[in-house]
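Visitor: I am new to this structure. Please show me how to read its features, one at a time.

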Amino acid sequence: MRRGALVALALATLVGPLPAQRPRRSPRRTAPAASAAHRPVRTVIPTPRSILGFDPGDDRKLVEWPVLVRYYEALAKASDRVDYRELGKTTLGAPFVALVISSPANLRRLDYYRQLNAQLADPRTLRTSRAAREAVQNGRTIVLITSSIHSTEVGGHLSPVALAYRLATDTSAATRAILDNVILWLVPSQNPDGVTIVAHWYNRTLGTAAEGTAPPELYHHYTGHDNNRDWYAFTQVETQLTVDSLYNVWHPQIVHDIHQMEQRGARLFLPPYLDPVEPNVDPLLIDGVNALGSEIAWELAGQGKTGISINSTYDAWTPARAYQHYHGGVRILSETASADLASPVEIPFDRLEARSRGYNPRERSWNFTNPWRGGRWTIRDIVAYQTDGAYALLAHAATQREHWLANFLTIETRAVRGWREWPYGYIIPARQDSVALSALLGILHRGAVEIRTAQQPFTLQGQRHAAGTYVIVLRQPYAAFAKTLLEVQHYPDRRQYPNGPPEKPYDVTAQTLPLLMGVSVIVATDSLRVPLSGLITPRSVATLPPLRDAERGSGGEARRIGLYKSYNAAIDEGWTRWVFDNGKVPYTSLVDSVVRAGKLKERFDVIVLPDQSPQEILEGLPSRYPAPYPGGVGSEGSEALREFVNDGGTLIALNDASRFAIQALLLPVRNVLEATSEEDFYAPGSIFRLELDTTQGIARGLLRETIGWFQGGPAFEVLDTAAVRVIGHWPDDPARVLLSGWVLHPERVAGKAAIVEVQQGAGRVILFGMRPQYRGQSIATYALLFNSLRGP
């Protein structure tokens, strides 16, 4: 079928909205300037070496973010193919930048192409088949390439430099085709703060035993490795800048996310992804992911690169890492094998893993056709695989420009037409907790979901709803994003073999925001017989308002809060800091040496241990690290924490840290999951039903039944009822434990305690078998943590 016929067919299936339902788009953030002043071609393009002092890929060479910024500024000044944009400031105040790269002619008409692509992103704006056909014929493939969100993946610091320089200087026919047919938005780092943290640490430790180690702090100030799990909650400023300034303005057909993985497997992963694929993702989009990932793998194999795996390792379940899968475009994840940061490694073939997820790194298979034979692996290899992979992607986007644009239009047309098996929409009552409701509506709005309100009272499922009730109709461009966040997840029961161990998902299995936030959302199966407003912008509030008196005791006295901060940096510590900072809860970070020094009650009333394994808390970093970083809290710290509690302090342990507290303080509580195999119990990030004793102060102000985020935590059995009070427990009926996600053998935790308060000496220990502040999303259970900060 000809391309024009495909476009006409897509348009013919489009159901036009009622006048009151047509969108009025007014972006919250000004788009990056959409036109570039014509500049004469400059013949002297700065090489990376001229500013960085080395070529990208040279062994043991990294620079901090300001140096990279100077290069990008100089490149844009010299080249008429490159524009430099500062989108805002990072968490720690560094410039967050993007380059737009295309032909000089395209750069002069950026605003025209942005508007053209916006029409394809919302086919309701295309009123004739001719307009649709012209938009496809005249448009450009919009590609967004992002890099180094995980800052220890240091090839991603340098590959954007090499790629940008190549596109700015190369005169080959292939590069000219890319520049003519593609508008590339290149975000050279989604975590500039981390680039500086890692480069500074690496250069400081060069030539020492610690060379090539990860820094003794989170490489994102709040989230560490979780910063690429933020693509639906939008808690971090870097995520917000990317979504507001690029995704929602330019609507890329292709997103390429450059990453690195561990050393002893494949040299490069590319899609197709493993099953399961999240069910709300358009099938045509997954077809595009499969085709493009395989195309890149084929091209790189033709160049002689070995060790390339496809359809392995990574699944496509969670939206936390794949915003564009719900906004009409493909996400191509590439994962290149790592070295020791920028230091080379030697890996003999027989030291490669004997088995990895979906393939064997030592054996040839259909999805791993040419194994790497082992040997020396360097940052130059990493940069070569990454830049050549990105270039192959751009070449495909150029030659298949009309195909990508036509399929993009088809996907968005299906979305506004609606899927037959989907409900009509969701309604969200306006009269409920204002903070949680505002947070939920704010996420939907930032994700470009259209929100309306009922203009008259109406009845649904026998329940009366007032005028002003929010309505999300699932016939809109980004309906899939709304649906995957608002519905319950049913992760498939996947085993390595029948009745065998679970086949682990790459990340968590649930993201149901109404449950996590404690907001009532109701499915509307059929159309509502009520007039709806035009699009509304929900009132913007902070995710968490200042928590007045959260740090005060029952008598009103100020509580001195210590937050344990291991040098073996724990992601949950960062999230806890983020929640405390947003809630204006004062605290002091408490490092290993301070814990070991003892006399803690003289400085603190409350100490919080974030989710971290007992071994990491106790042992910390290895001895190859310089002082003061190795060693953990050790036996001295364990004794100091016992003394702190006996002297009247409150120790709060979250999730896996509860196991440390039980062991270190010899508490009369048993973890019933200790040493339990994954075949006997498994819950990889799921939402459980939690039943509370609301007569206890820790559960004050909550409903008797709420939720608990369960992810690798303990479940408690009380050994001394005189010393231990149960604050919350999982349901007695195993069938009622799971609310969203996946769990194997819930009977193992049914009826077991999830939160307990243990009296010891003059103080107390509060153990959580859950994460009450999970990734800044579980607003429904924040109060459990904040109530724990108060005195008994």
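Visitor: Which order do the strands of the open sheet of 4 strands have?

Guide: Start with the general idea. Strands of a sheet pair through backbone hydrogen bonds, either parallel or antiparallel. Two strands pair here if DSSP finds at least two bridges between them. Helices (H or I, at least four residues) and strands (E, at least two) are DSSP runs, numbered from the N terminus. In this sheet the order is β14-β17-β13-β18, and the pairing is antiparallel.

Visitor: Which strands stand at the edges?

Guide: β14 (452–453) and β18 (522–524) do. Each has a single partner strand, so one side of each is left without a neighbour in the sheet. β14 is joined to β17 (residues 470–473) by 2 bridges. T453 has Y470 in β17 as its bridge partner.

Visitor: Which helix packs on the sheet?

Guide: Helix α14 packs there, touching β13 (425–428) and β17. Contact means heavy atoms within 4.5 Å. The direction of α14 makes about 150° with that of β13. Axes are lines fitted to C-alpha atoms, for helices over the stretch in contact, and angles run from 0 to 180 degrees between N-to-C directions.

Visitor: Before we go on, what kind of model is this?

Guide: It is a predicted model: local features need pLDDT of at least 70, side-chain atom pairs count only at pLDDT 80 or more, and totals for chains, interfaces and linings use all residues. Residues are numbered from 1 along each chain as its sequence is written, and side-chain values use heavy atoms, with hydrogens and water left out.

Visitor: How many of the residues score at least 70, as a percentage?

Guide: pLDDT is the predictor's confidence in each residue, from 0 to 100. Here 92% of the residues score at least 70, and the chain averages 93. Among the elements, helix α1 (residues 3–12) has the lowest mean, 42. Strand β4 (residues 182–187) has the highest, 99. Over residues 1–42 the pLDDT stays under 50. The model has 88 contacts beyond four places in sequence for that stretch.

Visitor: Is L441 buried or exposed?

Guide: Buried means under 20% relative accessible area, exposed over 50%, partly exposed in between (1.4 Å probe, protein chains only). L441 has 2% relative accessibility, so it counts as buried. This residue is found in helix α14 (residues 434–446). Leaving aside neighbours within four places in sequence, L441 is in contact with I428, I451, Y470 and P538. L441 and I779 are 338 residues apart in sequence, with 14 Å between their C-alpha atoms.

Visitor: What does Q236 touch?

Guide: Its contacts are T91, H220, Y222, T223, D230, W575 and W578, not counting residues up to four places away in sequence. Q236 lies in the loop between α9 (192–205) and α10 (237–250). At 3% relative accessibility, Q236 counts as buried.

Visitor: Now the open sheet of 8 strands. What order does it have?

Guide: Its order is β1-β2-β4-β3-β5-β10-β6-β8, with mixed pairing. β1 (82–89) and β8 (308–310) stand at the edges. Neighbouring strands of this sheet are turned by 20° against each other on average, direction ignored.

Visitor: How many bridges join β4 to strand β3?

Guide: There are 6, and β4 runs parallel to β3 (residues 141–147). V143 stands opposite L184. With β2 (residues 95–101), β4 pairs in the antiparallel sense over 3 bridges. There V100 stands opposite W185.

Visitor: Which residues point one way from β4, and which the other?

Guide: V182, L184 and L186 point one way, I183, W185 and V187 the other, and all are buried. With 6 of its 6 residues buried, β4 is therefore largely enclosed by the rest of the structure.

Visitor: How many bridges join β29 to strand β30?

Guide: 6 bridges join β29 to β30 (residues 763–768), and the two run antiparallel. Q759 stands opposite R764. The hairpin has 2 residues between the strands, and G761 takes a positive phi near 60°. β27 (residues 724–729) also runs antiparallel to β29, joined by 5 bridges. V726 has V756 as its bridge partner. In β29 (residues 753–760), 7 of the 8 residues are buried, so the strand is largely enclosed by the rest of the structure.
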